[in-house]
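This report covers a chain-to-chain contact and some helix packing. The structure comes first.

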Amino acid sequence: MSIQEIDSPVDTAVHPGLDGFSGPIGERDYGTPKVTGTATVQVTIDGQPIDVPAGTSVLRAATEVGVEIPKLCATDSLKAFGSCRMCVVEIDGARGVPASCTTPCADGMVVATATEQVQRLRRNTMELYLSDHPEDCDGCARGNCEMQAMAVSLDSAEVRYGRPERTSRSAAAESLKAPMATEDFAAPEGILSRPVPFDDSNPYFAFDAASCIVCSRCVRACSEVQGTFALTVEGRGFGSTISASGTDFLSSECVSCGACVQACPTSALQEHSIVQLGMPTRSVDTTCAYCGVGCSFRAEVQGEGADSKVVRMVPTKAGGANEGHSCVKGRFAYGYAAHDDRQLSPMVRDTIDDEWRKVSWEEAIAKVADGFKALQAEHGVGAIGGISSSRCTNEEVYVVQKMVRAAFGNNNIDTCARVCHSPTGYGLKQTFGTSAGTQDFRSVEETDVILLIGANPTDAHPVFASRMKRRLRAGAKLIVADPRRIDLVRSPHVEAEHHLPLLPGSNVAFINAMAHVIVTEGLHDQQFLAERCEDVNGFLSFIADLGHSPEATEEFTGVPAAELRAAARLFASGANGAVYYGLGVTEHSQGSTMVMGLANLAMLTGNIGRPGVGINPLRGQNNVQGACDMGSFPHELPGYRHVSEDSVRAIYEELWGRTLDPEPGLRIPNMFDSALSGDFRGLYVQGEDIAQSDPNTTHVEAALRAMDLVVVQDLFLNETARFAHVFLPGTSFLEKDGTFTNAERRINRVRPVFDSKVGKDEWDITCAIGRAMGYDMSYASASEIMDEIAATTPTFAGVSFARLDAEGSMQWPVTDAAPTGTPTMHVDQFVRGKGRLVETVFVPTTERSTRRFPLILTTGRILSQYNVGAQTRRTSNSTWHPEDILELHPADAEMRGISTGDLVDLSSRVGSTTLRAMVSERMPPGVVYTTFHHPVTGANVVTTDNSDWATNCPEYKVTAVQVGVANSRGATDAEAAAIPSYGDLPEPAETRA
Amino acid sequence: MTPEARMSNDIARHFKHLPNEVAVDAIARHIETFWDPAMRERLRNLALAHDDSLDAQVTAAAKVLKRKPERHETQAQP
């Protein structure tokens, strides 16, 4: 079931936790994690036999057979803890009453879960818990307390030891305005009084120690699931309490992933939204619209129709990408969908200096269609084009490229993947034969050595980072190649074997040096190369050249040769070596070459075609993979098939009834250049803010100004809309019906939580433009669009909404040979047959530091904000990152007289901006860093037109700049204090788009 | 330098390690695969005009680029 209804909130108060569910509309909680393995044992529980994998706990086996055992400290996302004593059982032949969570099943074991003895013990234990739990607990009254429901089921209403009262706290919790405080509550006579902190410093949830039973589920969730270790238990015995390491949650290391809130069996940790709105009445399973991890969520909702309110987003354990985990964006930062800035009406204006005028859909669509047709009549078919969005569904993207190819009659369709992972598409197609990563996320659990390069997962892909950290804590080795000392270099219980701080722009020299060591030291997998690859001898000869040695390339990379050699040996010696990378690889003038270099490394070491290995691009946006799959590039139809292929065009020409252009169209930067030369006159932009996200803002704005008709379809009047003549309101992910495809090729359903706030689906808006231009395109539903995609795209052949609803998700290719999808690609052979080793010559960028611009700027993303910030800036996430900050090394700061908090000018050959500085040893000397989340900073004012040689992906990662104090005075103490100190600052990522 | 000259020179730099004829062919094939015909035509015109901003191999490649006659009018309405 993907959509669940419950009768009333009252019911939710009665049963949560006891019927095996974490809540009335939640997923079954089996108490302890699933055990995998082929060996099984048979146990009998309350007379019911069941076979389970050896090592399965009695608690889990009981739940699987339908016997619910009460529990408090146990939940199936955490290892068994055995502290609450609620899950005790009797086992034939065993002494005492063992905890079922920590007792593994043994063959022939006979278990009784509800004898008079264990029931009596549970009631006594529950009585003790209740004696320390306020009778007037808000969560209990609201139905958001597992323990209260369990007490009712155990008939433990009577507490001989009395119960404390907390009416004062109730009022504070309702107001959500009380500062963190420590107060006493009225303890019964004879019970020790203890300080009770109430902490609502976090903008999304509060901690009320009065309701806390110190079961440690939150502490364990923070360590085992999230891997941050921000929480601990302080004190001993009755005086023990949960602590955010001695401070409040907001000031602590807490990353607000929500794992602790989700794990809490009482309402001690509770979302503010639950207090403000009350419990949900229905839920809808859907997919997050932030990064490329593509987490599955259960949207818990109150109300029906467009007036519905999301009460909370809860990550689902069944989600293949996230398996029950979340980050601060997906879990909490969904409020933008109902923000006052949302534009809900179409608007038009004659010139970009005029005021917007709200109009009907019909008038707006007519203005778009008439304008585009007029431009084509005057300037030619190629005078207009479109940009699709990686934030939109596969179905919406497919329809946009169809409109451009069939209704516009050209191939001037591009997507925001142009500015992020287009080199991944090029590089992996050249080497492996298809433009996608090779693994699923789960694969990392079998990896022995990870090479992480140009990516900062703890900020940009935090849920996958938690999975990676779990594997690292279990013993896998980590090599980090990044100019900055990202969190994964050293964080709690994780330390990289090697941090290779290679200089921006030297990636190819670095990867060639890695391959050189492996080949010249005989560490390559000769059998794999002989059987699976081509162009082997030429490559081996090329890479063995001493010019690629670590010693020779050290002057470019800045990486000590000995350290690089050690890292190469480590990677080659691991049984399973995997590469994970982000935009620190692609956004370079040699981005495509570097992707091929990474593919070379994987082939050289035989690390392709099985779990635990592979090439894993960490995609920036939720549907970058899908937008590329759906034919958003000007040279490719859906499924990465070139427009010049007659047989492929014939499929669409027959279906669409139009002759298609066999030549590539314009890429986004080509559109800008053509606009400035007067050839390109009209643009349709869906869900991308090119005026903020694309490089060299001055150039982009000039191009937009030069166009006669710019149509923006978006949630908000973004920076690009300043240059638009027509604004068409779009829908948020909470209103969409469709699919997203994440970085592991997983196709997930996106289901509407409430009706479209603009009265239309986005694909229907696009179809209306096509129809108004004279091309009949229409669909009855998003499902029908997917059916067309499946019918025309071989890798999607087995995909339909019905199949996805049944399977949960599937990873393409989904074909007759792989009817449920393909978690691991290139198992027996590469998609192109043999893997191709490419001679990856290092060609340095033309962007060089000079006396005038002596520093190199690299840009990226931070945990709490997302890309251009259109969504996250309209949520409380700005609490953590209210402005873009420039990080620079102390030596660079000192010679310029810059202190943390100072306003500084950042200038390059193409522009300048002003922002605050933070001095940090995280940066290497000569390299500075900032994010691009805030339009007021406009970091892309300084980035240049340099781009990847093969794909024109911008070289965001290398811009020669100068930095200087912007004002005559330094920062005031208050301004300096507002900049987080090193270690406190949320870590910017290497990832964009 | 025009955008076409800048981009094609970038491509050429990445094929410089190849023998001249192979490099020229690789440059031409890459541009034919990924470039809009109007851009190809502008590059060809630069080459024919002996524009000195072009890399020599780009000039050679531009002269052998496949040309598209006229953009066919798929926009014609029924």
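Which residues are buried in helix α4 (residues 56-63) of chain B?

## Model and numbering

This is a predicted model, in which local features need pLDDT of at least 70, side-chain atom pairs count only at pLDDT 80 or more, and totals for chains, interfaces and linings use all residues. Residues are numbered from 1 along each chain as its sequence is written, while chains are lettered from A and ligands numbered from 1 in the order in which they are written.

## Helix α4 of chain B

The buried residues of this helix are B:Gln57, B:Val58, B:Thr59, B:Ala61 and B:Ala62. Buried means that 20 or more other C-beta atoms, placed from the backbone, lie within 10 Å of the residue's own. Helices are DSSP runs of H or I, at least four residues, numbered from the N terminus.

The buried residues of α4(B) pack against α1, α2 and α3 of chain B.

## Where chain B touches chain A

In this interface, 21 residues of chain B contact 25 residues of chain A. Contact requires C-beta atoms, placed from the backbone, within 7 Å. On the chain B side, α1 (3-14), α2 (20-34) and α3 (37-48) each supply at least two residues. α1(B) gives the most, with six residues.

By class, that side of chain B has eight nonpolar, seven polar and six charged residues. Nonpolar covers Ala, Val, Leu, Ile, Met, Phe, Trp, Tyr, Cys and Pro; charged covers Asp, Glu, Lys and Arg; the others, Gly among them, are polar.

## α16 against α19 in chain A

Helix α16 (residues 507-520) of chain A packs on helix α19 (residues 550-557) of chain A at about 165°, with axes 9 Å apart. Axes are lines fitted to C-alpha atoms over the stretch in contact, and angles run from 0 to 180 degrees between N-to-C directions. That angle makes α16(A) roughly antiparallel to α19(A), a term for angles over 145 degrees. The crossing is left-handed: the near helix is turned anticlockwise from the far one by less than a right angle.

From α16(A), A:Ala509, A:Phe510, A:Asn512, A:Ala513 and A:Val517 meet A:Pro550, A:Thr553, A:Phe556 and A:Thr557 of α19(A). The contact has six nonpolar, three polar and no charged residues.

## α11 against α28 in chain A

Helix α11 (residues 361-379) of chain A and helix α28 (residues 762-772) of chain A pack at about 50°, with axes 8 Å apart. α11(A) passes α28(A) in a right-handed crossing.

Here A:Ile365, A:Ala366, A:Val368 and A:Ala369 of α11(A) meet A:Ala768, A:Ile769 and A:Ala772 of α28(A). This contact has seven nonpolar, no polar and no charged residues.

Definitions and conventions:
Two residues are in contact if their C-beta atoms, placed from the backbone, lie within 7 Å. A residue is buried if 20 or more other C-beta atoms lie within 10 Å of its own, exposed if 12 or fewer, and partly exposed in between; C-beta atoms are placed from the backbone. Angles under 35 degrees count as roughly parallel, over 145 as roughly antiparallel, 65 to 115 as roughly perpendicular and the rest as oblique.
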